[in-house]
Amino acid sequence: MEQYHEQRQTRATPLRQTTQRTNRDVYEDDLYDDSWSPRMPTSTRRYRSDVQYEMGRTSTDIQAYSPRERITQPERKTVQPQRRTADVPVVPASRRRPTNTVDVTAQRPAPTKARPQDKGRPHWLVYVGIATFVMVIGWILTNSFMSWWQVTQDDLHYGRPRTYQTDVAVGHNDSLSHPSHFIALNLSGHIEIIEFPGGDATKAKIYIGPVLIGSDKDLAPVTLTFTDVNGDGKPDMIINVQGGHIVFINDNGQFRPAHPGEKILL
């Protein structure tokens, strides 16, 4: 019987010792928790990270996150609790729990805001339309300037009404020393040619040319050229107006319009 009690006591001793060590560990853990701030719940949007190093430096980063922007708060120093060493044994470094740091989750990037210059930026087709409009206006202005310049040059050379004069020996009582004088007129769109054979105004002849139509018909200049177009050896008269050519055949001391089907080589 005594042997049984001794065995029971022997078996109970390690259990009490184990219980005492366990309680001491729990006490030390509670003391450790009192010295260090507990981990804050992860459901909050404010995160705090207090890390204490062995050299006594404290780094505190407090950040506030909102869906629209991130606001950085200034550092806030925390007061380190005084460790009670009089009645509480110091926990060895080997038995300390690893320092818990606040797990900072990956923050979503703030939504990009439209740049102020992009809010009223027009579509690229607007620029294409403006460029096309400028080109059309430039083309119209260029044509207007060219037309004005051409009319100005014609006014200087042919006057108003448009008049052209030349001296040519065509075989109508004339010679190289006394050629015939020709005057081509544009009288309000009616073309008229006046011939002074040999320079004699008493024998003047008038030839009626075509009638011009269209706007500014009275400003079209008329010129004359003389060349043999039917091969008879006599110079024929060609009226040049608005890019066209009207042929008058030199026949029997005067000029006549060319007949249809008549062989003409311009």
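Reader: How many helices and strands does the protein have?

Author: This is a predicted model. The protein contains 3 helices and 11 strands. Read from the N terminus, the order of elements is α-β-β-β-α-α-β-β-β-β-β-β-β-β. Of its 266 residues, 20% count as buried. Among contacts between residues at least 6 apart in sequence, 38% join residues at least 24 apart.

Reader: Which residues have the most contacts inside the largest nonpolar core?

Author: In soluble globular proteins, nonpolar side chains tend to be buried together. The largest nonpolar core here has 16 residues, and those with the most contacts inside it are Phe182, Ile193, Leu224, Met237 and Phe255. At least two residues of this core come from each of β5 (180–187), β6 (190–196), β8 and β9 (236–241). Isoleucine 193 illustrates the surroundings of one such residue: leaving aside neighbours within four places in sequence, its contacts include Phe182, Tyr207, Leu224, Met237 and Ile239.

Reader: How many aromatic pairs are there, and which residues do ring pairs link into a cluster?

Author: An aromatic pair is read from the distance between ring centres and the angle between the ring planes. The count comes to 7 aromatic pairs. One of them is formed by tyrosine 207 and phenylalanine 255, which are edge-to-face at 5.7 Å centre to centre, with 80 degrees between the planes. This pair links distant parts of the chain: tyrosine 207 is in strand β7 (residues 205–211) and phenylalanine 255 in strand β11 (residues 254–257), 48 residues apart. Tyrosine 207 has a relative accessible area of 6% and is therefore buried; phenylalanine 255, at 5%, also counts as buried.

A tilted pair joins phenylalanine 226 and phenylalanine 255, at 6.2 Å centre to centre and with 55 degrees between the planes. Phenylalanine 226 lies in strand β8 (residues 222–227) and phenylalanine 255 in strand β11, so this pair ties together parts that are 29 residues apart in sequence. Both phenylalanine 226 and phenylalanine 255 are buried. Ring pairs link Phe182, Tyr207, Phe226, Phe248 and Phe255 into a cluster.

Reader: Why does asparagine 250 count as buried, and with which side chain does its side chain make a polar contact?

Author: Burial is judged by relative accessible area, with under 20% as the cut-off. Asparagine 250 counts as buried because its relative accessibility is 2%. This residue is found in strand β10 (residues 244–251). The side chain of asparagine 250 makes a polar contact with the side chain of histidine 172 at 2.8 Å. Not counting residues up to four places away in sequence, asparagine 250 touches Val170, His172, Asp232, Lys234, Pro235, Asp236 and Phe255.

Definitions and conventions
Residues are numbered from 1 along each chain as its sequence is written. This is a predicted model: local features need pLDDT of at least 70, side-chain atom pairs count only at pLDDT 80 or more; totals for chains, interfaces and linings use all residues. Side-chain values use heavy atoms; hydrogens and water are left out. Helices (H or I, at least four residues) and strands (E, at least two) are DSSP runs, numbered from the N terminus. Buried means under 20% relative accessible area, exposed over 50%, partly exposed in between (1.4 Å probe, protein chains only). A polar contact is a pair of N or O atoms within 3.5 Å; within protein, one must be able to donate a hydrogen and the other to accept it, and residues adjacent in sequence count only if both atoms are side-chain atoms. Contact means heavy atoms within 4.5 Å. Rings of Phe, Tyr and Trp (its six-membered ring) pair if their centres lie within 6.5 Å; planes under 30 degrees apart count as stacked, over 60 as edge-to-face and the rest as tilted. A nonpolar core is a set of buried Ala, Val, Leu, Ile, Met, Phe, Trp, Tyr and Cys residues joined through side-chain atoms within 4.5 Å.
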